[in-house]
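Here's a quick briefing to read with the model open beside you.

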Amino acid sequence: RWTLVHIKSGAGIVMLDGRLKGLSDGDMIFIPPHSSYSFRSEELGDEYNVNLNAVFLQFDQAWLNDLQKART
């Protein structure tokens, strides 16, 4: 499944496929299938995610293919 994350408010860090990425208001992350991500990290501590308010949308490849066909 594909995942789209929209950061509505707050600030923080996500670990995406072993790399750290800073986040803030309005950011969007498009995460492909089979990628690993986490907004929690024992190494960092949760204090790095301050009032993080996010929306997650997940959809499968078939939906994306149908959307692409509709555009053509």
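W2, F30, F59 and W63 are linked into a cluster by ring pairs. Rings of Phe, Tyr and Trp (its six-membered ring) pair if their centres lie within 6.5 Å, and planes under 30 degrees apart count as stacked, over 60 as edge-to-face and the rest as tilted. This is a predicted model, where local features need pLDDT of at least 70, side-chain atom pairs count only at pLDDT 80 or more, and totals for chains, interfaces and linings use all residues. Residues are numbered from 1 along each chain as its sequence is written, and side-chain values use heavy atoms, with hydrogens and water left out.

**Aromatic pairs**
- The count by that ring rule comes to 4 aromatic pairs.
- W2 and F30 make a stacked pair, because their ring centres are 5.0 Å apart and their planes sit at 20 degrees.
- That pair ties together distant parts of the chain, with W2 in strand β1 and F30 in strand β3, 28 residues apart. Strands (E, at least two residues) are DSSP runs, numbered from the N terminus.
- W2 is buried at 16% relative accessibility, while F30 is partly exposed at 44%. Buried means under 20% relative accessible area, exposed over 50%, and partly exposed in between (1.4 Å probe, protein chains only).

**Nonpolar core**
- The largest nonpolar core has 7 residues: V5, I7, V14, L23, I29, I31 and F39. Such a core is a set of buried Ala, Val, Leu, Ile, Met, Phe, Trp, Tyr and Cys residues joined through side-chain atoms within 4.5 Å.
- β1 (2-16) and β3 (28-31) are the elements giving two or more residues to this core, and β1 supplies the largest share, 3 residues.
- Setting aside neighbours within four places in sequence, V5 has contacts (heavy atoms within 4.5 Å) that include I29, I31, F39 and F56.

**T3, a buried threonine**
- T3 lies in strand β1 and counts as buried, at 3% relative accessibility.
- The T3 side chain makes a polar contact with the side chain of Q58 at 3.3 Å. A polar contact is a pair of N or O atoms within 3.5 Å; within protein, one must be able to donate a hydrogen and the other to accept it, and residues adjacent in sequence count only if both atoms are side-chain atoms.

**Positive phi angles**
- D17 isn't a glycine, yet its phi is positive, about 50 degrees. D17 lies in the loop between β1 and β2 (19-24) and is partly exposed at 42%.
- H34, also not a glycine, has a positive phi of about 70 degrees. H34 lies in the loop between β3 and β4 (37-38) and is exposed at 85%.

Technical notes:
Helices (H or I, at least four residues) and strands (E, at least two) are DSSP runs, numbered from the N terminus.
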